[in-house]
Structures are given as structure tokens and as C-alpha cells.
Protein chains: 2
Amino acid sequence: MVVGFEKAASATKSVMSSGKKTPATLSSDSVINFARGDPTMYHSYWSKLGDRCTMVIPGNDLMSYFSDAGNLCWFLMPELDHAVRRLHRVVGNAVADDDRFIVVGTGSTQLFQALLYALSSPDEPEPISVVAAAPFYSSYPEETEFLRSGLYKWAGDAYSFDKDGPYIEVVTSPNNPDGAIREAVVNREGGKLVYDLAYYWPQYTPITHRADYDVMLFTFSKATGHAGSRIGWAIVKNKEVATKMVKFIELSSIGVSKESQLRAAKILGVISDDCQDSGPNKEETLFEYGQRLLSERWERLREVVERNGVFSLPKYPQDYCNFSGKYTDPSPAFAWLRSKEGLNCDNLLREHNIVTRGGTTFGVGSKYTRISMLSPDEEFNLFLERLSAIKGTGKGNCY
Amino acid sequence: MVVGFEKAASATKSVMSSGKKTPATLSSDSVINFARGDPTMYHSYWSKLGDRCTMVIPGNDLMSYFSDAGNLCWFLMPELDHAVRRLHRVVGNAVADDDRFIVVGTGSTQLFQALLYALSSPDEPEPISVVAAAPFYSSYPEETEFLRSGLYKWAGDAYSFDKDGPYIEVVTSPNNPDGAIREAVVNREGGKLVYDLAYYWPQYTPITHRADYDVMLFTFSKATGHAGSRIGWAIVKNKEVATKMVKFIELSSIGVSKESQLRAAKILGVISDDCQDSGPNKEETLFEYGQRLLSERWERLREVVERNGVFSLPKYPQDYCNFSGKYTDPSPAFAWLRSKEGLNCDNLLREHNIVTRGGTTFGVGSKYTRISMLSPDEEFNLFLERLSAIKGTGKGNCY
């Protein structure tokens, strides 16, 4: 069973991070919630930037359903279209040239479902199979299944998929939960690939190439930490696919919040400006900040894991990042912890008042669990303190 | 076939109203689009209010997925929850006491689909039937059908529905397209009622009672004209239904734009303030403004229709409005025009460069068509001018 947001929210005595205020003082018996990927870590970065990203919206602005009636994606604000293409050009992580279509969604969650609709057909005799290599993002199965669509159905782990005919494979790279760089695994005729590149940004992984797949998903939440805005975008090569996605979003929500789109455009624009700034007083960019903070956290986490001997963590190869112009270590947004002794990892941590998302929700065993690395400092420190207190029999290592 | 938004948007030489600027100067051969319900008429009201509804959002605000982790609807901003309940209390159009649940959605479009999910069950042997009395809102059939759900299916006109077992009936009141005040028509055991009260506001109809149905849908778009914000809300009595709706919104978009929610809260708050203002310099409220403008438009439209003898319009009974404290005439957001001579009404108007939404999309005949009454003045004036030029054989009347 997938641990839903609302379940995570209602965890007893859970400390909430609103992203607005720092959490209430943490006491020794507070439950800390690391099951969610709420990117509250970024709050401090945006605070440092002061008024540069402040949005002012008059009461008579952004009132029409339409954003750009001449555009195939008629609800996409031209400002966001421009800011998205520019940022990808500046970062070099994806091709977003003018011959690609940008489709905006209420988070990439809505766009994932728009793609299931766009890549399936009511004329097929049976629903198209949707697969992803385990461990896969825990929400894919439920998002695919919950409406019992006759157009598509969840078919599980791509590694064990052996059905003939058309299928959709979702490739999440870097992967959620385990941070691995991935390619498609089924590779059969009739396959349609969806690349979920939510974490293909320089703070999480070296940017090794400009991704140029048929369909690529990105989300404001993970790029900058603005999860409350619910903005995602797809870069789509094929016009018919983009048209069907737009139809899906029209039918499911008649477009996407203009306020959020405009705010996202402004914030992405400031990031691009800062990345292109080569002046002597150049500030730390969002990506430098994120990479620095996450690297430090990963280093400290690895130290604790090595010391207490109960868990292990994946190792990631260093690579040359075209964006930063140097070799960098990947520092994924989630730690994919494995219990060395085959214990239920999620349960073990819960006993120590740490809520995580267990491996079974990702299609693998309970000896794994996923831990968000994007919490505020105070919570992350408390997490390490509690993790240190868990003592095992052996010596920790990396797998 | 339902005329989709994107089709309406791409109508040749159509004049677009962005809600931000006044439309380009209208030439005599411009196509004017009255098919959409884009509420651009309200733009001038909010312009008069100046800075009172201006939103300022710092770059580090509204970042978390969570709005109110202790609330069943964990993504609902407390400010919006408060503003919605207060406005319903002030206007007296619906019971929104503290024992009711408020669920926010990306427009009431998302909430309608959340309700289909919440009121159906995967344990039933077949999909639950969804019906509405014709003429029904043109998007209901497609929103119900497009994912080929195994949970629910569109079953057409409620008047001719005769299947046993559970069903969902959508009651739109005042009705879109024809402005009629409605009650359920099937009235059989196992029926679940959804009241879409998008237009139950004082500018459109006299407020005769505080609606208190199990499930009621409202939308920011029609209440105030802010269609670009994509904010709707449901008032729900049953906790289990509200919980399933929240689950639907979690799975389809992980919540709703916080920027839009906060802006809606501010604007609804200003409306409530103005309605409660009894000072000597009291400004015209939104509802007074809307009622005044729509009444004038209806009067002018009726004059043209009576004069040219080709069409007829529904008559609406005057009623006592509890909100304004006087008898008022209904002034619906759409005019439901009927061709007296059985002509295809939509085609006839298209010949005169007026795009409307024809009767067949609402489940009735092509002698009807729906015309938005919420356009900017310049477009509405041009519409009346063109309508005046259509000459028939008889004398117009009202049906």
C-alpha cells in the first residue's frame, strides 16, 4: 500500500515544516517525518534573496481562462514558456528548442496522467501496460490505477515485463527513490518512453548531456523547492501527443493556475540571471547552494552509517558536470537506506521516531527505506542524531 | 461533439479577451467568440478597486506541499477555508458551518471529477451511472467519459434515465446553459446528488435560501470572474466523501496552487468586507455591480430579440432576494437563445461572425444555442449590433 500524503501528514506528533516558518522546537520524543519529499531545505536560500523574487499581482490581473490563445497549450503563460526554455539552455540539462512543445501542468503529477491519456488509445482492444523498473516512484502504480481506466493499466516492474504489444515505460533519472541514472530496460517494439527528469538538475547530479527524449517531465517542486505552487512542465517533440496532453488538462482542470505560472516564471528567470552572472560580486546560485548543502549532508550521513554498522547506502560514481565545469559527486534528494541484517528498515526507524517510506511501496523489499534529504537543518540534524543511536552487530558499508 | 476550449480558442480571426488588456479594436468582420464563459466582464470592477486586492508573495513563501497538516484537506490554505465560510455566511447562499468540510480544487472541474471518484466504488459490479437533466453543462459527458473509467460512466439525460440501482445526478442550479432553478429529477433510491451551484450568487439570481445539500460545488471563476486562478471549492457533509475527494486531488495533482488559494482568500475577503460595510461612503459591491451590468444587458438583449423576430429567450420569475432585501430579476450568465423557425441557431449566428455553443453539445436540439453574457462591453455591444441585423419573418417572443 502506498503511504499517501494525508497519512504522512497525520503521523502522530509529527513535526510539520510549513516552508514558511521554521518548525516548532524539536523535543526528544518528536516524530520526525522523512517519508515525504517536501523540499523545505530550499526555504533558506530564497530568504537570502530578499525581494528579488517577490511577486505582486493586482486584483484585476490574470483573470481570463486563456493565457496565450494562439499557442497549442493555450493556458501556458508566455512568460513561463520563455523562462523554462531559457533555464534549460542555461543549465544544459535538456533540449527545449522552439520546435519542442512545452505543456504546463498542475505539478508533473498531472502531466504524468496527461501522458497516460496521450499515449494510449480508446481504439485498442485492451488497456496499454504501464511499467517502470523497480524500485520505482511509489505513486506511479496508484496514479495509474485509481480511476480503473480502460485506456491504461499498471503492469509493474519493467524488469519482469514480458507482454507483447504496445507499452509505456516510465524512466525516472536520477531515479526516485535510489538516485540511479537510468535508461529504458524493456526496449521492445511498440514501447513509448516517458522520461521523468524531476531530479536532473546540478544540485542532485552531474549534468552530463542535454537530454533530448520524446517526452520529458520536470517539476518546479524539485528544481527550486516551490512545491506549494504545483507547477510542472513537459517538453514534448510530437505535436499530436502535446495536443492530447492539453486536452487532458483542459478536461481535468481547464488549465493551470496563472498565479503559480507567473511566479514560477519569475523565480526561474532569477535563477537563469544568477547562473549567467559573471561579475565580481556574483552570489551563490541556487544550484551551488543546493549542491553544497546536499554534499555536506551526504557526507555526514555516510559517516553515521559507516559508524553504526546497521545500514548501507548506494555508492554513486563521480562525473564531469557540464554545467559547473568540474567533476562532482551525485547528491540525490533521497537516501535509499538498506538494512544489512534484512530487518524491516522502515519499522526499525519508526521505533526511533523517524518516519520514512518503506521499500515495498517502491516495488522492492522491506529491508529498504527512502529518506528525504531535503528537510530543514534542525530536522536533518535530529535525524542523524537518532540514526547514530541505532546500534547493530556489524560494520556498515556501501553497496 | 463538445466544442473544446482549444477549438474555441482557435476560431478564425477570433478576438481574444485576455482579461488583462482590453481587446484589440473590433472591426466589422472580426469573429466574436461568445461560446466560452470567460468572465472578462468583471475585469473593470476589480480595476476600480485599485490596490485593495493586490497580492504580494515573497520568493520564500508558500513553498511546502502542506497548507494545514492537521486538516482533513491538508492542502487547503486556512485563509481560504476562512474566507469561503465567511462569504457564504455573508451572502446567505449556502450553509458552510464548521461541521461541513471544505475541499479546494483546481477549479470546480477537478472537484466534479473528485466527486465521481468519491461517490463510486471499485467493489460495485459495474460503473455507476452519471446523469443530468438536459440541457446539461456541455462538459459533464466528456469529463465523465474521457478516461474510460470502470468506476463511473455517463448515462445521459436524467429525464429519460430508468436504470435501477445506484446513480449520481448532477443538479446545476441556476442551470448552465439555460439559467433555470433546478431540483433533482430522478428521485430514486440509491441516488447520490451533486449540486453544482457555480451561479448561485446574487448577481445572477435572487438568493432565496441557504442551500444545504450533501455536496455543493462553487467556483471562484463565476463568483468573482477570476477564471485564471483555477480555484473551486466543495462544501461536503460526509467525512468519508470529503476524504475520498482529498485522495483524488492528492493523486491527480498533489494539492492545489497555494498562490491562487491565497489570492482567492484575499479577494473573497474584500467582497465580504464590502458587503458588510454599512458606512455612508459604501462602494458598490461586486454583486451590485454584476447585477446592475447583467440586468442592463438582459434588458437590451430582450429588446433586440423582440424586435428582430427570429429568436426567443426564456422568461425568469422575479423573486425576493434575501441578500439584497428586495425583489430582483434573475440575470443568468448565459443567454439560451432559441431559433423560432427551427433553424440551426449556432450556424445562423456564425454566418454573422458570432461564435456560440450550439444546443446539441448540451444534449438538446440545434435550434438552441448558448451565449455568454460575461464579455467585455465592446464585444457585447458588437454582438447586439450584429444580432439586430438578423431579420426574420415573424415577431419575437419569450418562451
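This is a predicted model: local features need pLDDT of at least 70, side-chain atom pairs count only at pLDDT 80 or more; totals for chains, interfaces and linings use all residues.

Modeller: Let's go to Arg148(B), in the loop that runs between α5 (140-145) and β5 (152-157) of chain B. Helices here are DSSP runs of H or I with at least four residues, strands are runs of E with at least two, and both are numbered from the N terminus. Arg148(B) isn't a glycine, yet its phi is positive, at about 50°.

Residues are numbered from 1 along each chain as its sequence is written, chains are lettered from A and ligands numbered from 1 in the order in which they are written, and side-chain values use heavy atoms, leaving out hydrogens and water.

Two cis peptide bonds are also worth a look. In chain B, one joins Asn176(B) and Pro177(B), with omega about 25°, and Pro177(B) sits in the loop between β6 (167-172) and β7 (191-196) of that chain. In chain A, the bond from Ala134(A) to Pro135(A) is cis too, with omega near -5°; Pro135(A) belongs to the loop between β4 (128-132) and α5 of chain A.

Now for where the two chains meet. Counting contact as heavy atoms within 4.5 Å, 75 residues of chain A touch 74 of chain B. Together the chains bury about 6500 Å², 59% of it on carbon and sulfur atoms; that's the accessible area (1.4 Å probe) the two parts lose on being put together, summed over both. There are four salt bridges between chain A and chain B, each being a side-chain nitrogen of Lys or Arg within 4 Å of a carboxyl oxygen of Asp or Glu. One of them pairs Lys247(A) with Glu142(B), whose closest N and O atoms are 3.7 Å apart. On the side of chain A that touches chain B, α7(A) gives the largest share, six residues. By class, that side has 30 nonpolar, 29 polar and 16 charged residues. Nonpolar here takes in Ala, Val, Leu, Ile, Met, Phe, Trp, Tyr, Cys and Pro, charged is Asp, Glu, Lys and Arg, and the others, Gly among them, are polar.

Back inside chain A, Asp273(A) and Arg86(A) form a salt bridge, 2.8 Å from N to O. Asp273(A) is in helix α8 and Arg86(A) in helix α3 (residues 78-91), so to speak distant parts of the chain, 187 residues apart.
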